Amino acid sequence: MTNRRRRTDRRSRPERGGVMRRHDDWSSTPSWGQQRLQFLTRFFFLLLGVLYFTLGEPPRHSGLVNPFILFSGLAIYGTLVTIFFVHARRQLNSPMRWHAMLWIDLGGVTFAILSDPIVVSPAFVVYVVVILGNGLRYGMRYFAEGMVGSFILGVSVLLVRLADFYRILSMSTAYFVLFGAILVLYAYALMSGFDRARRQLEAERSLDVLTGLLNRRALYERVEPLFRRTPEGSDNLGVAVLFADLDRFKAVNDNLGHHVGDRVLGEIARLLAQEVRASDILARFGGDEFVFVLPDTDSTTAREVATRLQQAVAHWAQEQTINISLSVGIGHAPEHGQDLKGVLERVDQAMYQSKAQGRGGIVCVGENGNS
């Protein structure tokens, strides 16, 4: 089986300026209920579109959009929404899907406007719905992307139907366009302040102040979707869980002072974050304990990662002339538990038995007769 965790999977150098940035995507992941509501809203607008074009004025026969093309386009949009709806149920955190659906929505709105015999189509308002819906759920990056996309596609519609717009040009039409632009810009200004406040609150609630890593409460929240999609017998490699703890760290606090101990924890946190992928989840579990959750990773590869972590800590400790090392326990879902709590309980038992034989080791659940 191909090893999916190459060294190139680690965080690139520009990402290594701070640990907190690793979790921005996870901290803004909407719940399944929120994403489901968004998909149901798409189905609702699709139904409105079908009724509008069926019961309203007949579609334009311009050679560009005839009735067959119109309803084929609506069917394609409905199929894409259904496919991504199923994908969202299995994988909540998928920026690629969010971007794809944003542009599918914008494309669908543009297609509806071009198909509408009414030049100033009601579908123009749906541009605003798409911008606000994605911005409120996924953040300012998607809000801005929706604004740019709507502008580009709106100008394209204007150029395609320039003769129609010129024929009906009036003060009311100009006010309609101006009102829409002001509404979007005003919403963007409000959203910017809201997004900054949300991110600050999320950071205060979810991040460990000393290390910038996720805290224990946030860790359990972030990993829940990962464990939901690791059924036995699936093609997924499962989720590896590494429980790492610093050996002889108490001596650092006792001999060098807590201010040095705090600096050591901060440096070790940054060091560990550099050695894993951006898609992996790393948290300070408490004291000198760290937990890694590695999606789509088998036990063999997890051991390779643990070895790399130990080597990195050993190299740093040697340079700083500080006598610490790293002990790592490894568990795997679903074999050793169906959730993070269950896997960690098994790992903790295995580490307790292993530490009786010495520090600085790597132990896997079920290895050498441990539990």
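This is a predicted model: local features need pLDDT of at least 70, side-chain atom pairs count only at pLDDT 80 or more; totals for chains, interfaces and linings use all residues.
Numbering starts from 1 along each chain as its sequence is written, and side-chain values use heavy atoms, with hydrogens and water left out.

The protein has 13 helices and five strands; these are DSSP runs numbered from the N terminus (helices are H or I with at least four residues, strands are E with at least two). Of its 371 residues, 47% are buried, where buried means under 20% relative accessible area, exposed over 50% and partly exposed in between (1.4 Å probe, protein chains only). Take the contacts (heavy atoms within 4.5 Å) with a separation of 6 or more: 73% of them come from residues 24 or more positions apart.

Now for the inside. A nonpolar core here is a set of buried Ala, Val, Leu, Ile, Met, Phe, Trp, Tyr and Cys residues joined through side-chain atoms within 4.5 Å. The largest one has 35 residues, and Leu242, Ile268, Phe290 and Phe292 touch the most other members. Among the elements that each supply at least two residues to this core are strand E1 (239-247), helix H11 (258-274), strand E3 (289-295) and helix H12 (299-320). Leaving aside residues up to four places away in sequence, Ile268 touches Leu246, Phe290, Val313, Trp316 and Ile324.

A second, separate core of 28 residues includes Leu74, Val81, Ala88 and Leu114. Next, look at helix H3 (residues 67-90) and helix H4 (residues 95-115), which pack at about 165 degrees with their axes 11 Å apart. Axes are lines fitted to C-alpha atoms, for helices over the stretch in contact, and angles run from 0 to 180 degrees between N-to-C directions. H3 and H4 are therefore roughly antiparallel, the label for angles over 145 degrees. Residues meeting across this pair include Leu74, Val81 and Ala88 in H3, and Met101, Ile104 and Phe111 in H4.

The peptide bond from Ala333 to Pro334 is cis, with omega near 15 degrees, and Pro334 sits in the loop between E4 and helix H13 (340-355). Asp296, in the loop between E3 and H12, has a positive phi near 55 degrees despite not being glycine. Thr321 has a positive phi too, near 50 degrees; this residue is in the loop between H12 and E4 and counts as exposed at 71% relative accessibility.

Conventions
Angles under 35 degrees count as roughly parallel, over 145 as roughly antiparallel, 65 to 115 as roughly perpendicular and the rest as oblique.
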